[in-house]
Amino acid sequence: MAKTYRPRIPKPFRIPRPMAAQAEGTRFGWLTPDVLSIVAGALIAAVAPLDRLDYVARGLTAAALADAAPSAQVLLVTASPEALREGLCERSLPGLLERGRARGALLIPPADAFCGGAASRAGAMSAASAAGAAPIVRMPPELLRLSAGDVVGFFPLAAGERAPELGALGVSAAPWVLKKAPQSVPAVSLRDLADGQVPASALEGRVAVVAAGAGGVTPQAVATSALPPARGVAAVLGGLLDGGRRASAPAWVPALFVLLAGGLVWIARRRYGSLVATAALFLGVFALAAGQGVLAARAEASLIALPSALFGLAVAFAGVMIVRGLVVQRSVDRAAELIQRAALFRMQGVHTLPDEEFWPRVARLAEQAHPADLVLVAELPAGSWHLRFWNDRQGGGESFVAELRRDVRRPPYSSEQGVPAIRLSRRFLAKQDMPAVVVPLIAFGEIEGYAFFCGPVAEQTFSREPERAEHVGRELALLLRRKRLARTAQGGAGEARGGGSPEDDLVEGARVALDDLQLFGSMLRSAPVGLLYADAFGDVRFVAPEFAKWLRARDVTVPAESASAALPPGSLTLGDVLGATSASDAAVSLSSVMASDDGIELSVSAPEPAVLSVRPLRRESDGSSWIAGYVAALIPVQQAAPVSDNVRPLAVRDAADPLCAFQLGDVVADAVASAARATGRAVRLEPIRGATHALGHRGELGQVLEAFLTDVAGRGLPGHGPVVSVREAPQGVQLSILDVGFGLGLPESALQRVLTAPGSAPAGLEPLGRLIVAVEDSHGHAELKTNDGWGITLTVTLLRAHPRAFVSANEGGKPAAQQNVIAIGRAGPK
């Protein structure tokens with residue numbers, strides 16, 4: 001028979017046979033993560049790592065199980081300070097113990113200092129011939145075992161002189177004792193015993209715990225008048241003599257309990273679900289607490305390490321619930337990933353959004369385009385003349401409006417002639433003193449809704465730039481019209497199509513959306529320049545890595561992108577991106593982008609010179625166009641000549657922000673209000689003292705001060721916001737900001753580095769560095785000082801300005817008012 005040659009497979013490349021691999025896998029198949037977590041919890045309960053908490057828990061358990069039955073072993077004897085000074089204890093205590101046939105006396109400091117002579121004579125008598133005399137022993141302070149400030153037992157004493165004497169009184173080493181309740185230990189006054197008001201037979205068979213107490217109290221208050229720790233010593237000694245000695249339970253007791261309870265939770269989780277498993281956990285905790293009480297009341301070695309056992313049970317529960325839940329959640333996440341990514345890509349379908357999401361997003365878009373303290377949008381339902389208000393803040397928009405009629409054919413929604421137009425109303429909101437700019441949203445002659453820009457900021461912007469409200473209203477109206485028409489068309493198409501195959505439509509739509517999403521994400525990640533896309537609501541939905549890096553360098557929080565580079569709505573807005581530039585507010589507002597078909601271009605210098613181009617994406621249909629989104633590009637600009645690394649070029653001063661005289665109080669008040677609105681936390685402004693006319697670059701100081709206050713208030717703890725004050729000082733106009741250290745979370749030594757090199761501030765201190773640079777550019781100086789543990793104060797001092805008033809005579813001979821003259825006081829008679 002011919003032999004077949006079989007080449008030998010090298011050992012590193014061998015694989016086990018299928019049957020062998022299956023047997024090896026089933027051998028340890030029971031070692032699942034939830035089982036291992038139960039075992040780990042049992043080991044934690046056996047090791048008891050929370051030693052200090054376990055000690056306190058044992059003491060509390062022993063104190064909670066105190067016996068309320070009257071003690072027949074201990075009598076608390078209190079002596080007033082007057083009686084101790086008179087020597088009553090030293091004279092009468094040995095005789096009282098002998099006549100009352102007491103077991104002995106235990107002297108509690110400071111009473112032992114006044115009864116020490118009696119104790120010495122009693123010791124001498126017992127050493128000589130009085131073998132039956134009651135011992136009088138001083139209690140050593142190291143004898144007491146304390147837990148949570150209360151006596152719970154007695155420590156073992158080293159081999160010494162008092163150990164036999166304490167043993168004669170029944171005092172022995174006991175870690176924990178089920179003590180007597182303090183009110184169950186009888187107490188008498190030493191003077192009453194000495195005067196015979198209390199018979200000496202009350203001491204028969206008892207240990208007299210002699211302690212100092214207050215004098216002149218009623219017999220009912222004698223027990224409470226004793227100084228600590230006398231009451232605790234008497235209660236613990238009474239419990240010890242009645243058999244209340246307790247010790248720690250063996251380590252296997254809590255470990256076994258955790259194994260049983262963890263197994264119960266594991267079975268409940270697998271068969272009945274998470275709710276029943278949680279109920280099983282609470283049942284186990286209750287059983288542990290009840291079992292501890294039952295064991296401690298009956299057995300000596302019964303005090304369990306309760307916190308360690310609970311910690312082990314929590315580990316077992318976390319392993320059973322969380323680890324197994326993560327396995328199930330992983331499968332669910334994989335199944336929902338395609339649907340979630342497809343939903344993120346559907347940005348143009350505004351008609352698919354529910355009203356609870358659509359209208360607050362419209363309000364958020366309007367707030368980005370027009371400055372206001374509060375923005376409301378109103379929906380005009382089809383076939384109705386009454387409005388429905390919306391806002392993205394808590395409580396919606398209905399609670400802000402005081403107008404009850406809400407009929408668009410009447411003021412303030414229309415003029416007296418019934419014509420809708422942009423107008424200013426002062427009695428429209430619940431706050432009567434807050435003005436509101438009413439903007440009707442009209443598209444092709446039809447009213448789609450209303451927008452209301454409320455607050456003094458909106459009023460000032462409307463008086464200065466009335467065309468901004470008109471641009472915003474036109475774009476919002478087109479957006480609302482598109483949503484209404486698209487929803488109407490979708491409803492008609494659904495009725496015409498009738499029955500279909502929803503499964504096929506879902507699969508096909510998911511496939512197309514996934515392909516487009518992958519292509520768009522690949523394009524963004526591979527782009528040589530920074531790209532950004534925002535939808536029609538101004539929410540950034542896609543951002544390239546280069547653009548995200550630039551935003552983070554500008555202290556803008558950019559959320560982590562998904563696998564397709566898409567961001568959820570509301571996580572980052574186009575207004576935040578435009579606010580990161582260093583240009584003026586008029587140049588970087590969203591309304592400027594809306595008003596220009598070609599977009600705007602902004603020059604940025606940090607961290608590298610670049611040009612930020614932002615333009616709207618318009619869609620046209622049926623002769624109309626509307627903004628369907630926004631696109632931005634960050635294009636780097638090559639420098640003309642390389643600059644050395646150790647040379648910092650001087651910043652170019654904006655020509656629109658010259659060195660001028662201004663009121664520092666007005667700038668600080670605006671910055672405080674903006675920081676409070678941006679962070680939602682209180683920024684306190686002390687009353688401004690003086691005229692506060694200062695010399696400096698007003699625009700730059702206002703911007704950097706607002707950014708710094710926003711940074712400090714946002715980082716600070718609740719209730720520790722910055723406190724700002726402005727006052728006139730001999731050296732100039734001073735601005736003080738208290739609690740800088742709490743907001744930045746750094747000590748004074750770390751903040752002092754910024755004073756030396758503000759242009760190279762470390763990470764997290766860039767706003768402070770920019771503020772110091774701006775102050776120095778305005779010929780001022782800044783300093784930091786500690787306020788004795790009450791925070792760190794930043795003090796900025798600017799040059800005081802003295803504006804001159806020029807007076808010239810007019811044709812009538814009277815002086816004419818100039819632009820730099822402010823009239824003060826009442827006007828004279830005409």
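1. Let's start with a cut-off: a residue is called buried when its relative accessible area is under 20%. Ser37 comes in at 9% relative accessibility, so Ser37 counts as buried. Keep in mind that everything here is about a predicted model. You'll find Ser37 in helix H2, which covers residues 33-47. Who touches Ser37, once we set aside its neighbours within four places in sequence? The contacts are Val315, Ala316, Gly319 and Val320.

2. Now for a residue with the opposite label. Lys549 sits in helix H18, residues 545-553. A residue needs over 50% to be called exposed, and Lys549 has 59% relative accessibility, so Lys549 counts as exposed. Have a look at Gly530 as well: Lys549 and Gly530 are 19 residues apart along the chain, and their C-alpha atoms are separated by 9.0 Å.

3. On to helix pairs. Two packed helices are described by the angle between their axes and the distance between the axes. Take helix H11 (residues 252-271) and helix H12 (residues 274-298): their axes come within 7 Å and cross at roughly 160°. Angles over 145 degrees count as roughly antiparallel, so H11 is roughly antiparallel to H12. The crossing of H11 and H12 is right-handed.

4. Which residues hold that contact? On the H11 side they are Phe257, Leu264, Val265, Ala268 and Arg269, and on the H12 side Ser274, Val276, Ala277, Ala280, Leu281, Gly284, Ala287 and Leu288. Sorted by class, the contact of H11 with H12 has ten nonpolar, two polar and one charged residue.

5. Here's another pair to compare. Helix H23 (residues 698-715) and helix H26 (residues 766-777) have axes that come within 9 Å and cross at roughly 155°. H23 and H26 are therefore roughly antiparallel to each other. What is the handedness of the crossing of H23 and H26? That crossing is left-handed.

6. The residues in contact are Glu700, Leu701, Val704, Leu705, Ala707, Phe708 and Asp711 from H23, facing Pro767, Leu768, Arg770, Leu771, Ala774, Val775 and Asp777 from H26. The contact of H23 with H26 counts ten nonpolar residues, four charged ones and no polar ones.

7. Time for a sheet. Five strands make up an open sheet, in the order S12-S11-S15-S14-S13, with antiparallel pairing. Which strands are at the edges? They are strand S12 (388-390) and strand S13 (423-425), each of which pairs on one side only. From one strand to the next, the twist averages 30°.

8. S13 pairs with strand S14 (residues 436-443) in the antiparallel sense, over three bridges.

9. Finally, follow strand S23 (residues 693-697) and two of its partners. Strand S21 (residues 659-663) runs antiparallel to S23, and five bridges join S21 and S23. Gln663 stands opposite His693 of S23. S23 also pairs with strand S27 (residues 792-800), again in the antiparallel sense, over two bridges. What is the bridge partner of Ala694 in S27? That is Arg800.

Key: Residues numbered from 1 in each chain as written. Predicted model: local features only at pLDDT ≥ 70, side-chain atom pairs only at ≥ 80, totals over all residues. Heavy atoms only, no water. Axes fitted to C-alpha atoms, helices over the stretch in contact; angles between N-to-C directions. Helix = DSSP H or I, 4+ residues; strand = E, 2+ residues; numbered from the N terminus. Parallel < 35°, antiparallel > 145°, perpendicular 65-115°, else oblique. Left-handed = near helix turned anticlockwise from the far one by under 90°. Contact = heavy atoms within 4.5 Å. Nonpolar A, V, L, I, M, F, W, Y, C, P; charged D, E, K, R; others polar. Buried < 20%, exposed > 50% of the residue type's maximum accessible area, 1.4 Å probe, protein only. Pairing = 2+ DSSP bridges.
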